[in-house]
Structures are given as structure tokens and as C-alpha cells.
Amino acid sequence: MAGRFAPRPPRPHSPAGAGRAAAVPARGTGRAAAGAAGIPRQAPAPARVRIWVPDGPLDLGLVLGPLRRGTGDPTFRTLPDGSAWRASLTPAGPGTLRVTRRGEEVRGEAWGPGADWLLERLPELCGSADDPDAFVPRHRLLAHTRHRRPGLRLTRTGLVLESLIPSVLEQKVTTGEAYRAWRLLVRKYGEPAPGPAPERMHVMPPPRTWALIPSWEWHRAGVDNKRASAVLRAVRVAARLEEAARMPPAAARERLELVPGIGPWTSAETVQRSHGAPDEVTVGDLHLPGIVGWALAGDRYADDAAMLELLEPYAGQRHRAARLILLSGRVPERRAPRMPHGDIGRL
């Protein structure tokens with residue numbers, strides 16, 4: 001069962017004079033120990049590899065960064081060697097992908113049943129379907145930021161639920177609360193990532209497993225009934241929602257918003273990642289309108305309508321414009337305390 005460890009096998013009796021360590025199975029790399037004594041632990045299957053050469057500047061950190069849900073995200077990890085690791089539930093099954101950049105080449109290594117699926121979409125994941133040249137800056141701030149960050153491209157995962165569920169968890173709460181809920185639920189109900197993935201990486205649970213999570217486990221993870229119910233409604237129609245990955249972004253958002261509990265904020269946050277949608281700007285956000293208003297017009301109190309009016313010159317590229325504004329670092333000073341961190345799991 002997902003999220004549970006197999007019982008530890010009984011320790012065999014050691015012959016007289018044998019060392020105690022002989023009865024202890026060897027540790028794996030981030031995996032459960034070997035089975036019964038005497039059965040050698042199997043090494044991970046060899047990685048499938050793909051090399052891809054981008055046709056322009058590429059900054060892997062900027063491209064893949066939006067896929068990470070906090071520093072403890074069990075489905076995403078970056079290592080000091082510059083590699084990025086993703087654990088995904090693909091249509092072909094769970095898979096682990098390691099992406100590195102060496103000179104002009106991007107190297108993808110993948111393990112698990114979903115390895116081929118992940119490697120096939122490696123270029124789109126790294127922004128090959130994006131067209132940065134379609135963006136024409138009309139403000140000095142954006143022109144300057146674009147010049148400093150030429151490797152910004154918009155990722156396209158081709159997977160809907162893996163972006164939709166954490167986006168639902170982020171509704172109306174602090175990012176810290178949402179990241180904690182995602183981390184706890186994926187680690188408890190997901191399965192360990194295939195291959196030699198970094199320790200404690202897990203693949204997101206399949207839709208049926210999400211549907212069977214007990215109500216008290218949602219509560220312990222700090223997820224209120226409204227968000228939990230939205231996730232449950234979404235996973236019941238998971239196949240129909242995944243079909244939206246092949247639809248235009250606007251049509252995909254319409255399909256997502258047919259599910260009660262999924263509104264414009266959540267659908268935009270989803271298709272920005274699943275589709276690499278350059279124009280799907282997030283509305284209904286607590287901070288983004290004020291940041292855009294401050295950066296482009298010196299108006300820290302801008303609302304959604306004012307934000308959309310300021311972004312109108314970038315029609316077709318409004319999400320990219322908003323990302324460049326966030327990367328510019330030009331944000332208004334905080335004038336109020338941070339939103340208090342709540343934990344309904346303690347109630």
C-alpha cells in the first residue's frame with residue numbers, strides 16, 4: 001500500500017562466532033533495505049539517456065524553478081552539481097528524470113516505467129516550445145531584466161494533475177502551509193522515486209490513492225475541507241483533466257474551471273506549468289497586482305483590473321511580462337506583518 005513500509009523480515013540466526021553485522025541488510029541509496037538475508041540487493045536499472053541542444057540561451061534554474069514547491073518538495077530536487085531531479089507520474093507510470101547542462105548540451109537521464117515518456121518531452125520541459133523572441137519589452141525595467149536573464153524560457157510539462165493539486169493546496173493560505181501539506185501527503189502516499197534518485201524523493205500518488213486519503217489525514221496535513229474536496233473532485237475526473245494538456249491554454253482553463261473549487265487563480269497557475277502558456281496571467285493573487293502596479297506605474301495598491309490594464313501592451317505575453325517583473329526584484333516595501341501561519345492539524 002502506498003505510503004507504508006513493508007514489515008521488516010525476521011533476523012536469521014547467526015552461526016557461532018559470526019559478527020553481528022552479518023545479519024543486517026545493506027542500505028540502499030534512498031530506498032528500503034534489501035529483503036531476506038542472503039538475497040543480494042539489485043542495482044538500479046541503467047538510465048535511459050537523451051542529449052538535446054537548445055537553439056538559444058537556457059537557464060535551467062529559471063526554466064524549471066516554477067515546478068518546485070518549496071525547498072522540501074519530494075518531487076523536485078536540485079543538487080550542488082547543478083543537476084535538477086524530477087519525480088513524475090506519467091501516463092506510462094512513475095519516472096525519475098535528472099537534467100544537467102554541460103556546455104551547449106542538455107543531458108537527460110531517466111529511470112522507471114515513465115523514463116521514455118519523460119525523455120521524449122525533455123525539450124519541451126526545457127522550453128523548446130516557447131518563443132522568447134515573441135516578447136517585445138515596452139518598459140525599461142522589463143528590457144533591462146530580459147537582458148540580464150536571457151535564459152528565461154517557459155517550461156511545459158504536459159501533465160495537468162501534478163500542477164493542479166499543489167495549486168489547489170496553495171489556495172488562500174501561506175506558501176509555507178501549502179508546501180508543508182504537499183510534502184507530507186506525497187511522502188506518505190506516494191511511492192519512492194525510481195532509480196538512484198536523491199534520498200526521500202517520491203512520485204506523486206495516482207488519482208485513486210488521492211481519492212482514498214482519509215479525512216483526518218488531510219486535517220493532519222493542514223488542509224481544510226474546502227481544498228481537500230476540490231482535490232477529490234478533480235481526481236475523480238483525472239482522465240478528462242489530463243486531456244486538457246493537449247488543448248489550447250484558454251480551452252484547458254475552461255475545462256479545469258468546470259470542477260467546483262477550481263477558479264481562475266488555480267487554472268492559471270496550472271496551465272502556466274502544464275502548457276508553458278505565455279499569456280495566462282494569474283488573477284486573484286494577493287500580491288501580484290501590487291507588484292506589477294508598483295513596477296510599471298508606482299502604484300502599490302493596484303488591483304486585478306489595474307494590473308491587466310498595465311499588462312495590456314503585452315497581450316499574448318502577459319505571463320512572461322509578470323515573470324520578468326518578479327525577476328527584476330522591484331517590489332514595494334512591506335507595510336504590514338506577514339500573513340500568520342495557521343496549522344489546523346493541531347486543532
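**View 1. A salt bridge joins the side chains of Glu109 and Arg98, at 2.6 Å from N to O.** The pair links distant parts of the chain, eleven residues apart. Glu109 sits in strand β5 (residues 105–111), and Arg98 sits in strand β4 (residues 93–102). Both Glu109 and Arg98 are buried. The model shown here and in the other views is predicted. Glu109 has a relative accessible area of 12%. Arg107 also forms a salt bridge with Glu109, with the closest N and O atoms 3.6 Å apart. Arg107 is partly exposed, at a relative accessible area of 33%.

**View 2. Glu120 and Arg121 form a salt bridge, their closest N and O atoms 3.3 Å apart.** Glu120 is exposed, with a relative accessible area of 54%. Arg121 counts as partly exposed, at 25% relative accessibility. Elsewhere, salt bridges that share partners join Asp81, Arg98, Arg107 and Glu109 into one network. A search of the whole structure gives 19 salt bridges.

**View 3. Phe135 and Tyr314 form a stacked aromatic pair.** The ring centres lie 5.2 Å apart, with 15° between the planes. Phe135 belongs to the loop between α3 (122–125) and α4 (140–148), and Tyr314 to the loop between α14 (304–311) and α15 (318–328), so the pair ties together parts that are 179 residues apart in sequence. Phe135 is buried, at a relative accessible area of 2%. Tyr314 is buried too, at 1%. The structure holds four aromatic pairs.

**View 4. Trp182, Trp210 and Trp218 make up one aromatic cluster.** A separate ring contact involves Arg300 and Tyr301. Arg300 lies over the face of Tyr301, 5.9 Å from the ring centre.

**View 5. Helix α15 is largely enclosed by the rest of the structure, because ten of its eleven residues are buried.** The buried residues of α15 are Arg318, His319, Arg320, Ala321, Ala322, Arg323, Leu324, Ile325, Leu327 and Ser328. Their cover includes α1 (60–64), α4, α12 (264–274), α13 (288–297) and α14. Gly329 follows α15 and has a positive phi, near 80°.

**View 6. His319 is a residue of helix α15.** Its relative accessible area is 9%, so His319 counts as buried. Leaving out residues up to four places away in sequence, His319 touches Leu154, Gln272, Ala277, Pro278, Asp279, Glu280 and Val281.

**View 7. Lys172 has a positive phi, near 60°, in a residue other than glycine.** Lys172 lies in the loop between α5 (161–169) and α6 (175–189). The residue is exposed, with a relative accessible area of 78%.

**View 8. Arg200 is a residue other than glycine with a positive phi, near 70°.** Arg200 lies in the loop between β6 (191–192) and β7 (202–203). A relative accessible area of 48% makes Arg200 partly exposed.

**View 9. Val49, Ile51 and Val53 make a nonpolar surface patch of about 230 Å².** Val49 is placed in strand β1 (residues 48–52). Val49 counts as partly exposed, at 40% relative accessibility.

**View 10. The C-alpha atoms of Ala250 and Val271 are separated by 8.8 Å.** Along the chain, Ala250 and Val271 are 21 residues apart. Ala250 lies in helix α11 (residues 249–256). At 46% relative accessibility, Ala250 counts as partly exposed.

**View 11. The protein chain as a whole has 15 helices and seven strands.** Of its 347 residues, 46% are buried. The accessible surface of the chain comes to about 18,300 Å². Carbon and sulfur atoms account for 54% of that surface. Among contacts between residues at least 6 apart in sequence, 66% join residues at least 24 apart.

Terms used. Residues numbered from 1 in each chain as written. Heavy atoms only, no water. Patch = residues over 30% accessible without salt bridge, like charges linked within 9 Å, V, L, I, M, F, W, Y side chains within 5 Å. Areas by Shrake-Rupley, 256 points an atom, 1.4 Å probe, with all protein chains shown as cover. Salt bridge = Lys/Arg side-chain N within 4 Å of Asp/Glu carboxyl O. Helix = DSSP H or I, 4+ residues; strand = E, 2+ residues; numbered from the N terminus. Buried < 20%, exposed > 50% of the residue type's maximum accessible area, 1.4 Å probe, protein only. Phe/Tyr/Trp six-rings, centres within 6.5 Å; stacked < 30°, edge-to-face > 60°. Lys NZ or Arg CZ within 6 Å of the ring centre and 35° of its normal. Contact = heavy atoms within 4.5 Å.
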